[in-house]
Amino acid sequence: MRFLSLASLLAVVGYVCAHGTPDEYRPTTTEELISRNRAMEARNLATRKCAGEIAAFEAERMAKRDRLMKRQWTPTSTAATPHYTTIQNSTCVLHPETVEGPYYIRNELIRTDLRETQAGVSLVLDIGLINSRTCQPMSNAFIELWAANSVGIYGGYPNGQPTGVKTQSFLRGGYFTDSNGIVELTTIYPGFYQGRTAHIHALVHNNWKGNTNGTLISDSGSVNHFGQFFFDETWNTRVFATAPYNTNKQIRTLNAQDFILQQAGKSSFVNLQYLSGSTLTSGLLGYITVVVDGNANYRIQNNNSL
C-alpha cells in the first residue's frame with residue numbers, strides 16, 4: 001500500500017508539472033505531498049473514532065427536522081442565528097488539507113455578509129465545525145471564506161493580479177462559530193474560471209485575535225485547516241444559466257475535470273436547498289460539516305494583506 005500511495009503521489013506531481021497553471025495546482029515538494037497524505041490518513045482515522053458522536057448528531061438532526069424549517073432570510077452584517085441549531089453530519093468533510101491557492105488576502109474583515117455589491121445567487125452557508133481530537137463541536141473558531149465572483153474574478157485580483165488587495169474585499173471575510181460549533185455566512189454562489197470548477201475556499205483559525213478596525217489578525221493563533229467547498233454539477237448548471245453567470249466568457253471547468261476536487265472527494269460537497277420555494281430568486285441555503293485537527297497549525301503562504 002505504501003508503494004501505491006507513493007506512486008499515486010508521484011503521478012500527482014507529474015500531472016501538476018504537466019498542466020502548469022493555475023498556480024493552485026502547484027505543490028511544493030513530493031515530500032510535502034507524502035506528508036499531507038499521511039496527515040489525511042491520520043485525520044480519517046481520528047474521525048472514525050468520532051463515529052458515535054457523529055451518529056448522535058445525525059439522530060438529533062432527524063429528531064428536530066420538523067422544527068428546522070427555513071426562516072425568512074434577510075441581509076445582515078451581524079451574527080445571524082443559524083438555520084440549523086445542531087451539527088449536521090450528513091455532509092462531513094473528511095478530505096485532506098487542500099491548497100491555499102494564489103488568491104488569499106490576509107487580515108480581511110470580520111463580518112457575516114461577504115457580498116458587498118456583487119451580483120449573483122445569494123448563498124447562506126451554515127458551517128459546522130468538529131474537533132477530531134475531542135469529537136466535539138469547536139466554538140469561537142474563526143471560519144474565513146473567499147471565492148470568485150459570478151464571472152470568475154477574485155476580489156483584490158482583477159485580471160488575476162494582486163493590484164486591488166487594498167481596495168477590494170468582496171466575497172471575503174468570516175466570523176466565529178457559536179457555542180454549538182456553527183457559523184452562518186452569506187456570500188454568493190461562486191462562478192467558475194478556467195481550470196477550476198465552482199468552489200469556495202475555507203480557512204479555520206483557532207485562538208484568533210481581531211484588530212480594532214474590525215479585521216482579523218491572520219497571524220494570530222493557529223490555522224487548523226485549509227479546505228475548499230464544492231457543489232453538485234446540477235446546481236452549477238442551474239446557477240450558471242442565470243445572469244450574470246451566463247456572461248462569463250471563460251472556459252467552464254466541470255467538476256470531473258477539477259484536479260483539486262478529485263483530491264478533496266465527494267464529502268467536500270455542500271448540501272444545498274432553496275431558501276424559499278423552488279427557484280433561485282430568494283437564494284440558496286447550504287450546510288456542510290468540517291472536521292479539523294484542533295491541534296494542527298498550518299502556515300499561510302500568501303503575504304498580500306488588506
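Strand 4 is largely enclosed by the rest of the structure, because five of its five residues are buried. Buried here means under 20% relative accessible area, exposed means over 50%, and partly exposed lies in between (1.4 Å probe, protein chains only). Strands (E, at least two residues) and helices (H or I, at least four) are DSSP runs, numbered from the N terminus. The model is predicted: local features need pLDDT of at least 70, side-chain atom pairs count only at pLDDT 80 or more, and totals for chains, interfaces and linings use all residues. Residues are numbered from 1 along each chain as its sequence is written, and side-chain values use heavy atoms, with hydrogens and water left out.

Both faces of strand 4 are covered. Phe142, Glu144 and Trp146 are buried on one side. Ile143 and Leu145 are buried on the other. Two strands pair if DSSP finds at least two bridges between them. Strand 4 pairs with strand 5 in the antiparallel sense, over five bridges. Within this pairing, Phe142 has Phe176 of strand 5 as its bridge partner. Strand 4 also runs antiparallel to strand 7, to which five bridges join it. Here the bridge partner of Glu144 is Leu203 in strand 7.

Aromatic contacts were examined next. A pair of aromatic rings is described by the distance of the centres and the angle of the planes. Rings of Phe, Tyr and Trp (its six-membered ring) pair if their centres lie within 6.5 Å; planes under 30 degrees apart count as stacked, over 60 as edge-to-face and the rest as tilted. The structure holds 14 aromatic pairs. One of them joins Tyr103 and Tyr157 edge-to-face, at 5.1 Å centre to centre and 75° between the planes. This pair links distant parts of the chain, 54 residues apart. Tyr103 lies in the loop between strand 1 (92-93) and strand 2 (122-131), and Tyr157 in the loop between strand 4 (142-146) and strand 5 (172-176). Tyr103 counts as buried because its relative accessibility is 16%. Tyr157 is buried as well, with a relative accessible area of 3%.

Tyr189 and Phe231 form a tilted pair, 4.6 Å centre to centre with 35° between the planes. Tyr189 sits in the loop between strand 6 (182-188) and strand 7 (200-206), and Phe231 in the loop between strand 10 (222-229) and helix 4 (233-240), so the pair ties together parts 42 residues apart in sequence. Tyr189 counts as buried at 0% relative accessibility. Phe231 is likewise buried, at 0%.

A charge sits over a ring if NZ of Lys or CZ of Arg is within 6 Å of the ring centre and within 35 degrees of the ring normal. Arg238 lies over the face of Trp235 in this way, at 4.5 Å from the ring centre.

Arg196 forms a salt bridge with Asp258, with the closest N and O atoms 2.7 Å apart. Both Arg196 and Asp258 are buried.

Key:
Salt bridge = Lys/Arg side-chain N within 4 Å of Asp/Glu carboxyl O.
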